[in-house]
Amino acid sequence: MNHARLFYVMGPSGAGKDSLLAYARGQIGTASAGGTPVLFAHRYITRAPSEGENHIALSHAEFAARHSLGCFSLDWASHDCRYGIGIEIDAWLAAGANVVINGSRAFLEQAVGRYRERLHLVEIRVDPVVRAQRLASRGRETGDALDKRVAHEVAWAPPEGVPLSVIANDGELAEAGRRLLNLLTTRAAG
């Protein structure tokens, strides 16, 4: 029986999701201790490439074309950008690989609707002051745009029956990274 899981990593901008995912990706390679492959999906985003996330940058027209062709398993809009997760993750799950994606709390319902039986939620939490400092230092937004990003709150509740793990990312990256890595390798092996 195929026990592949979809790890849906979420948290506010500035929580350190990209850094934690990069840490885990660098440490885990392509197989967990239990031999189950763990694959990290990239996102398709209508935003220019930047340091942090290894995403595929698309124009709005390219994104719309791919969307109309059904190339995304999940997609959403946030902060004036479109985000998509490619349908390749369906093939990875069907082949027995665990998949890790950088998701969105606001559009979790879409993932639950499509992947409920395979879904494992991972929420990254961070102190609001630390988060504001991180957002300011990355330099993507300034002034009102930065204030808007810092103030952005998403109310959500974990769906019944879907596992949730919470990782605090207020301190050293390696500390939170080891917790994420442990979750991915433990769940992959079990």
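**Close-up views of the nonpolar cores and the parallel sheet**

**View 1. The largest nonpolar core.** In this predicted model, the largest nonpolar core has 22 residues, of which L6, Y8, L74, I101, L108 and L119 touch the most other members. A nonpolar core is a set of buried Ala, Val, Leu, Ile, Met, Phe, Trp, Tyr and Cys residues joined through side-chain atoms within 4.5 Å; buried means under 20% relative accessible area (1.4 Å probe, protein chains only). At least two residues each come from β1 (6–10), β5 (72–78), β6 (81–86), α3 (88–94), β7 (98–102), α4 (108–115) and β8 (119–125). Helices (H or I, at least four residues) and strands (E, at least two) are DSSP runs, numbered from the N terminus. With four residues, α4 gives the largest share of this core.

**View 2. Surroundings of L108.** Leaving aside residues up to four places away in sequence, L108 touches Y8, M10, L119, L121, W156 and P159 (contact: heavy atoms within 4.5 Å).

**View 3. The open sheet.** Five strands, paired in parallel, follow the order β2-β7-β1-β8-β9; pairing requires at least two DSSP bridges between two strands. β2 (38–40) and β9 (164–168) are the edge strands, each pairing on one side only.

**View 4. The pairing of β2 and β7.** These strands pair in the parallel sense over three bridges. F40 stands opposite V100 in β7.

**Notes.** Residues are numbered from 1 along each chain as its sequence is written. Local features need pLDDT of at least 70 and side-chain atom pairs count only at pLDDT 80 or more, whereas totals for chains, interfaces and linings use all residues, and side-chain values use heavy atoms, without hydrogens and water.

Terms used
Buried < 20%, exposed > 50% of the residue type's maximum accessible area, 1.4 Å probe, protein only.
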